[in-house]
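Please read the numbered points alongside the sequence and the model.

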Amino acid sequence: MLEIQGLVKRYPTGDRALRGVDLTVPEGQVMALIGPSGAGKSTLIRCVNRLVEPTEGRIELDGEDLTRLHPRSLRRARRQIGMIFQEFALVERLSVMENVLSGRLGYVGFWRSTLRRFPQADVDLAFDLLDRVGLTGFEDKRADALSGGQRQRVGIARALMQAPKLLLVDEPTASLDPKTSRQIMRLITELAQERRVATIINIHDVALAKRFVPRIVGLREGQVVFDGPPAALDAARLTDIYGDEDWDERPEVDVDASDAAEPSEVAA
Amino acid sequence: MTAATRAEGQRRWAPRPLIANRTARWLVRLLVLAYLAAVVATVDVNWVRVAEGIERSGRLLGQFLRPDFASRWSDSRIGILESVTMSLVATVAGVLIAIPVSLGAARNLAPLPLYLATRAYITLSRTFPEVIVAIVFVVMMGFGPFAGLLTLTFASVGFVAKLLAEDIEDIDDGQLEAMRATGATWWQVVAFAVVPQVMPRFVGLSVYRLDINFRESTILGIVGAGGVGATLTTAMSRYDFDSAGAILILVIAIVLVLEYLSGYVRSAVR
Ligand SMILES: Nc1ncnc2c1ncn2[C@@H]1O[C@H](COP(=O)(O)OP(=O)(O)OP(=O)(O)O)[C@@H](O)[C@H]1O
Ligand SMILES: [Mg+2]
């Protein structure tokens with residue numbers, strides 16, 4: 001369904017963020033993209049909906065090459081591609097309902113959307129999605145009055161409003177606490193599977209990825225270095241992706257021990 | 001841990017001076033002081049005239065403090081109304097024109113050629129003081145408030161467009177990208193991501209510009225561009241300081257009202 005071939009991205013600064021990436025995501029598959037900071041994860045998914053212009057290569061969505069689209073057809077393609085952001089990217093001063101409805105902008109004309117006269121079907125879908133993400137009754141709250149977890153739920157509802165074929169998710173949990181992170185990951189993966197939306201999730205938390213996602217792709221310095229099920233991702237493969245580190249050590253124990261041994265920490 | 005190994009009492013710290021060399025530093029300070037002293041010494045004050053001036057200003061102030069609203073009332077009333085109308089219409093017209101100009105002058109929304117063109121226009125309209133522009137419009141359109149109206153509109157466009165464009169450039173890119181990613185058109189992105197973010201500043205700017213326009217409108221009469229300025233200068237040049245005082249009090253009152261209005265409106269749009 002999504003087919004990426006030989007994708008290269010060079011930024012004007014000279015950074016070679018992607019060095020020939022091949023990746024295929026079948027319809028309805030949920031996959032996680034992991035890799036160290038600067039590996040090119042954000043660049044990769046932003047190339048797909050052309051928030052970043054790819055330098056070379058093809059990106060085909062159902063046979064249509066997205067890299068060659070002109071503005072009008074690019075907008076048509078974009079409305080089939082939902083996106084969820086680390087910093088939520090809600091329009092802060094608008095209500096939850098307006099934010100969710102903004103997912104329909106690609107389908108609704110300028111005046112109807114600007115005057116907030118969205119079709120009844122869209123409003124119904126918005127209410128259904130708000131129920132589904134656990135924000136029943138939040139429609140008139142302003143986005144800037146919500147907690148991080150609630151904002152991300154609005155972000156998820158907005159992306160699904162597009163009725164997308166493909167969902168691009170850039171570190172959905174990096175600004176959230178561990179419990180909320182799990183809830184959000186569960187929500188995204190469930191919804192994607194329910195609606196058979198192909199999904200790419202960029203994520204730093206490997207444990208979270210392994211728990212919720214059936215396929216993991218590892219990116220390092222702009223190249224795919226791992227592609228397989230969570231079970232295949234052992235210490236050796238993690239070293240391939242991230243570099244040397246004792247992957248089996250238990251971090252909790254370590255943190256406690258070093259805290260106790262550090263008197264200056266107590267004073268602070 | 002290297003800092004902690006230094007002995008207690010040796011850990012002094014002061015910000016780095018701008019000029020590293022101690023002697024050079026003092027020399028620069030001395031030179032600056034000497035220059036200031038020399039400048040003050042060259043100012044040639046005629047103390048006799050200052051004394052006369054103080055005496056005269058006492059009388060003048062006395063007259064201002066006994067304002068005479070009656071003798072030039074009909075002129076002042078017409079003038080003030082003209083000023084208010086001029087500034088209101090100019091603000092509305094100026095702001096309406098400034099909106100598209102500011103979108104073109106925001107680098108994060110506009111392509112480069114449009115950006116350069118609108119920036120050039122803004123710079124042009126901000127270069128000349130209102131009075132100069134007014135003289136030009138008086139020459140073109142003849143005496144009267146229409147020339148003043150054009151002047152204030154012209155100046156408002158540059159002012160509002162510049163400040164608004166800067167606010168638009170400062171908005172959160174994440175929200176812009178999120179709207180673009182939904183497949184929204186350029187105008188929809190403006191309506192959903194830009195407008196909500198700049199609305200409070202836009203309203204504040206407009207009310208502030210109304211305030212400026214009203215104050216400017218009291219000057220433009222001096223060059224024949226309408227408003228209360230004509231009556232004010234006539235009164236002054238005939239030494240009717242009591243009438244002039246009355247007009248000034250009216251102007252101050254209206255500026256005060258605008259000040260409160262702007263505070264109120266700004267807190268209402270949050
Ligand atoms: N706008 C940009 N201009 C220039 N270089 C950029 C830009 N964005 C990213 N890069 C560079 O491209 C490389 C990949 O960045 P990218 O943001 O895609 O990495 P990432 O895997 O998402 O990292 P993180 O996990 O920290 O989000 C980095 O070397 C980065 O410096
Ligand atoms: Mg990233």
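Helices and strands are DSSP runs numbered from the N terminus, a helix (H or I) having at least four residues and a strand (E) at least two. The model is a predicted one, in which local features need pLDDT of at least 70, side-chain atom pairs count only at pLDDT 80 or more, and totals for chains, interfaces and linings use all residues. Residues are numbered from 1 along each chain as its sequence is written, while chains are lettered from A and ligands numbered from 1 in the order in which they are written.

1. A:Gly57 lies in strand S4 (residues 56–61) of chain A. A residue is called buried if 20 or more other C-beta atoms, placed from the backbone, lie within 10 Å of its own, exposed if 12 or fewer do, and partly exposed in between. A:Gly57 counts as partly exposed because it has 18 C-beta neighbours inside 10 Å. Contact between two residues requires that their C-beta atoms, placed from the backbone, lie within 7 Å. Apart from neighbours within four places in sequence, A:Gly57 is in contact with A:Ile4, A:Gln5, A:Gly6, A:Leu7, A:Val8 and A:Thr67. By comparison, 43 Å separates the C-alpha atoms of A:Gly57 and A:Lys141, which are 84 residues apart along the chain.

2. Two residues of chain A deserve a check of their backbone. Most residues other than glycine have a negative phi. A:Phe88, although not a glycine, has a positive phi of about 70°; A:Phe88 is placed in the loop between strand S6 (81–84) and helix H3 (96–101). A:Arg116 likewise is not a glycine and has a positive phi, of about 60°, in the loop between helix H4 (110–114) and helix H5 (120–132) of chain A. Are these residues buried or exposed? A:Phe88 is buried, because 26 C-beta neighbours lie inside 10 Å, whereas A:Arg116, with 12 other C-beta atoms within 10 Å, is exposed.

3. A residue counts as near a ligand if its C-beta atom, placed from the backbone, lies within 6 Å of it. Around ligand 1 the residues include A:Tyr11, A:Asp15, A:Lys41, A:Ser42 and A:Thr43. Helix H1 (residues 41–48) of chain A gives the largest share of this shell, 3 residues. With Ala, Val, Leu, Ile, Met, Phe, Trp, Tyr, Cys and Pro taken as nonpolar, Asp, Glu, Lys and Arg as charged, and the others, Gly among them, as polar, the shell around ligand 1 has 3 nonpolar, 7 polar and 2 charged residues.

4. In the interface, 21 residues of chain A are in contact with 18 residues of chain B. On the chain B side, helix H7 (173–181) and helix H8 (186–220) each supply at least two residues. This side of chain B comprises 9 nonpolar, 7 polar and 2 charged residues.

5. Within chain B, helix H5 (residues 130–141) packs against helix H6 (residues 145–169) at an angle of about 135°, with the axes 8 Å apart. Axes here are lines fitted to C-alpha atoms, for helices over the stretch in contact, and angles between N-to-C directions run from 0 to 180 degrees. Angles under 35 degrees count as roughly parallel, over 145 as roughly antiparallel, 65 to 115 as roughly perpendicular, and the rest as oblique; H5(B) is therefore oblique to H6(B).

6. The axes of H6(B) and H8(B) cross at roughly 150° and come within 9 Å, so H6(B) is roughly antiparallel to H8(B). Their contact includes B:Phe159 and B:Leu163 of H6(B) and B:Phe202 and B:Leu205 of H8(B). By class, the contact of H6(B) with H8(B) has 11 nonpolar, 6 polar and 4 charged residues.
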